[in-house]
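Please keep the sequence and the structure in view while reading.

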Amino acid sequence: MTVLLTALAPVSWGSTYAVTTEFLPADRPLFTGLMRALPAGLVLLALARVLPRGAWWWKSAVLGALNIGAFFPLLFLSAYRLPGGMAAVVGSVGPLLVAGLAALLLGERPTARTLLTGILAALGVSLVVLKAAGALDALGVLAALTATASMSTGTVLTKRWGRPDGVGPLALTAWQLTAGGLLIAPLAFLVEGAPPALDGRAVGGYLYLALANTAIAYWLWFRGIGRLTATQVTFLGPLSPLTAAVIGWAALGQLLTPLQLAGMTLAFGATVLGQLRPRRAVRATSPESAGSGGAVSPFSSTERNSRKDSMDVTVPALRR
């Protein structure tokens, strides 16, 4: 059940492209990132009613910068400068980056099967989204790689640091979204100027992005990080471009070729395999480490706290 709930996050993120192109003002990536992050963070902060304490002020700022503040602008920049789905292809190497970082920081040793599964996931995503294009933009590729590295590092650090005692995933999500939004705000106004005029369609799109696509999705994502291994979580990432492809076919009239369908099958199969491997590893671990999803980490007390509260906070109907 935890895997399925966490998977709703990348599935929701797969709708971002369609909502952005069909509902929102054009060429305002920073403003869109700001509207996704800051309102969502403030809403969750009001619901959680918990502020960071001690070291968690700077930890929240670091995680907010990695997972939100840097990731959103870099992701949009890469999408604007790279052809077709190249940004998604570059991003699909995330599972491999997380596997390496998890080995260094969490003691989750990557197996040959994990590495092979990561390669298959990247190949599957490539077949789905990559189209013929001219020369690649160097800045766009750098932005995509940096965005992927930023989110991957944030995922592993979120797993390593866990949460302070008595704090649930709702508060942790609120801290990161608020910190990330505050980081994006001055950049958005300096680079893009005053906010654009918004009609009802745009307001509806921003409400969806802030509440469903960001507030609930990131809450599910960070909740999943506390319960699953970092590698398991990141292997759910390919569900995002797969969802985007399905939405493009169903809602925007985009055709899916046999090669794309084969890529979808390959990427989805890799996602499933990415979940099966850690479950087998759990049987080989000690009872204490098995409770943490098979991750071997020196931060066991924080991990136990992060597993305690699967449904300790009831979120009103903000379905993401």
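Helices (H or I, at least four residues) and strands (E, at least two) are taken as DSSP runs and are numbered from the N terminus. The model is a predicted one, in which local features need pLDDT of at least 70 and side-chain atom pairs count only at pLDDT 80 or more, while totals for chains, interfaces and linings use all residues. Residues are numbered from 1 along each chain as its sequence is written, and side-chain values use heavy atoms, with hydrogens and water left out.

The protein has 16 helices and zero strands. Of its 320 residues, 52% count as buried, a term for under 20% relative accessible area, with exposed meaning over 50% and partly exposed in between (1.4 Å probe, protein chains only). Contact is defined as heavy atoms within 4.5 Å. Among contacts between residues at least 6 apart in sequence, 89% join residues at least 24 apart.

How helices pack against each other is the next topic. Two packed helices are described by the angle between their axes and the distance between the axes. The axes are lines fitted to C-alpha atoms, for helices over the stretch in contact, and the angles run from 0 to 180 degrees between N-to-C directions. Angles under 35 degrees count as roughly parallel, over 145 as roughly antiparallel, 65 to 115 as roughly perpendicular and the rest as oblique. A crossing is right-handed if the near helix is turned clockwise from the far one by less than a right angle, and left-handed if anticlockwise.

Helix 7 (residues 94–105) packs on helix 9 at an angle of about 40°, and their axes are 9 Å apart. Helix 7 is therefore oblique to helix 9. The crossing of these two helices is right-handed. On the side of helix 7, the contact involves Gly94, Leu97, Val98, Leu101, Ala102 and Leu105, which meet Thr148, Ala149, Ser152, Thr153, Val156, Leu157 and Arg160 in helix 9. By class, the residues of this contact are eight nonpolar, four polar and one charged. In this classification Ala, Val, Leu, Ile, Met, Phe, Trp, Tyr, Cys and Pro count as nonpolar, Asp, Glu, Lys and Arg as charged, and the others, Gly among them, as polar.

Helix 1 (residues 2–13) and helix 13 (residues 239–251) pack at about 50°, with axes 7 Å apart. The two helices are therefore oblique to each other, and their crossing is right-handed. Helix 1 contributes Ala7, Pro10, Val11 and Trp13 to the contact, and helix 13 contributes Leu239, Ser240 and Thr243. Five of these residues are nonpolar, two are polar and none is charged.

Helix 10 packs on helix 11 (residues 200–227) at an angle of about 120°, their axes being 9 Å apart. This makes helix 10 oblique to helix 11, and the crossing is right-handed. The contact joins Pro169, Leu170, Thr173, Gln176 and Leu177 of helix 10 to Thr214, Ala215, Tyr218, Trp219, Phe222 and Arg223 of helix 11. Seven of the contact residues are nonpolar, three polar and one charged.

Helix 10 also holds Thr178, which counts as buried at 12% relative accessibility. Not counting residues up to four places away in sequence, Thr178 touches Leu38, Gly41, Leu42 and Leu45. The C-alpha atoms of Thr178 and Ala37 are 6.6 Å apart, although 141 residues separate them along the chain.

Arg28 pairs with Glu192, and the closest N and O atoms are 3.4 Å apart. Arg28 lies in the loop between helix 2 (16–23) and helix 3 (29–48), and Glu192 lies in helix 10 (residues 169–192), so that the pair links distant parts of the chain, 164 residues apart. Both residues are buried.

Loop residues complete the picture. Asp27 lies in the loop between helix 2 and helix 3, has a positive phi near 60° without being a glycine, and is exposed at 54% relative accessibility. Arg49, in the loop between helix 3 and helix 4 (56–69), is likewise not a glycine and has a positive phi of about 55°; at 74% relative accessibility, Arg49 is exposed. Pro164, in the loop between helix 9 (138–161) and helix 10, is buried, with a relative accessible area of 14%.

Key. Salt bridge = Lys/Arg side-chain N within 4 Å of Asp/Glu carboxyl O.
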